[in-house]
Amino acid sequence: MGEKWIEWADIRAGQPPSLLTHNEILRSISLYYLTDSFMPSVYTYAQEPQFPYKEGIYRRARTDAPMLVSYFKYVIGFWPEDVLRMMGNLVSYRNHEFGGFFAGLENPPALVDDLREIRNFWTG
């Protein structure tokens with residue numbers, strides 16, 4: 001699991017604003033191991049592994065709730081803005097130059113700013 005944290009992270013991990021150090025990776029993996037919580041944490045991925053793409057069709061979300069998408073430079077997956085607009089009520093699409101799969105640890109200020117922005121769509 002540790003090698004995935006390193007492979008999926010921004011190559012600048014551990015440099016400000018990143019909080020993702022080798023100690024943080026070890027702490028997180030230990031928490032999963034000691035609490036036997038890794039398997040429950042991935043159940044959501046197994047519920048519908050092909051969503052939103054199934055049989056050649058992108059499916060629309062079952063809600064019109066506002067959707068903000070933030071991409072960080074080293075994230076392992078990518079959905080184009082046009083596709084996301086077809087799938088839901090996309091209100092904001094952002095690309096960040098720093099961070100990766102673990103955005104909350106790699107670029108906390110950018111993630112917090114994005115969460116504050118989407119809050120405005122939910123609270124009016």
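A residue counts as buried here when its relative accessible area is under 20%. By that cut-off M87, at 11% relative accessibility, is buried. Keep in mind that this is a predicted model. M87 belongs to helix α4 (residues 81-87), and its C-alpha atom is separated by 9.8 Å from that of T63, 24 residues away along the chain.

Now let's turn to helix α2. The buried residues of α2 are E24, I25 and S28. Viewed down the helix axis, they fall within an arc of 105 degrees, so they line one face of α2. Their cover includes α1 (2-7) and α5 (103-106). On the face turned away from the buried side you will find the exposed residues H22, N23, L26, R27, Y33 and L34. After α2 comes D36, with a positive phi near 50 degrees.

What about charged pairs? Side chains of opposite charge can pair when their charged atoms come close. The model has seven salt bridges, including these:

| Salt bridge | Closest N to O distance |
|---|---|
| E81 and R85 | 2.8 Å |
| E117 and R94 | 2.1 Å |

K73 sits in strand β3 (residues 66-74) and E97 in strand β4 (residues 89-100), so this pair ties together parts 24 residues apart in sequence. E81 and R85 are both in helix α4, four residues apart, about one turn of the helix. R94 is partly exposed, with a relative accessible area of 26%, and joins D114 and E117 in a network of salt bridges.

Conventions
Residues numbered from 1 in each chain as written. Predicted model: local features only at pLDDT ≥ 70, side-chain atom pairs only at ≥ 80, totals over all residues. Heavy atoms only, no water. Buried < 20%, exposed > 50% of the residue type's maximum accessible area, 1.4 Å probe, protein only. Helix = DSSP H or I, 4+ residues; strand = E, 2+ residues; numbered from the N terminus. Arc of directions from axis to C-beta. Contact = heavy atoms within 4.5 Å. Salt bridge = Lys/Arg side-chain N within 4 Å of Asp/Glu carboxyl O.
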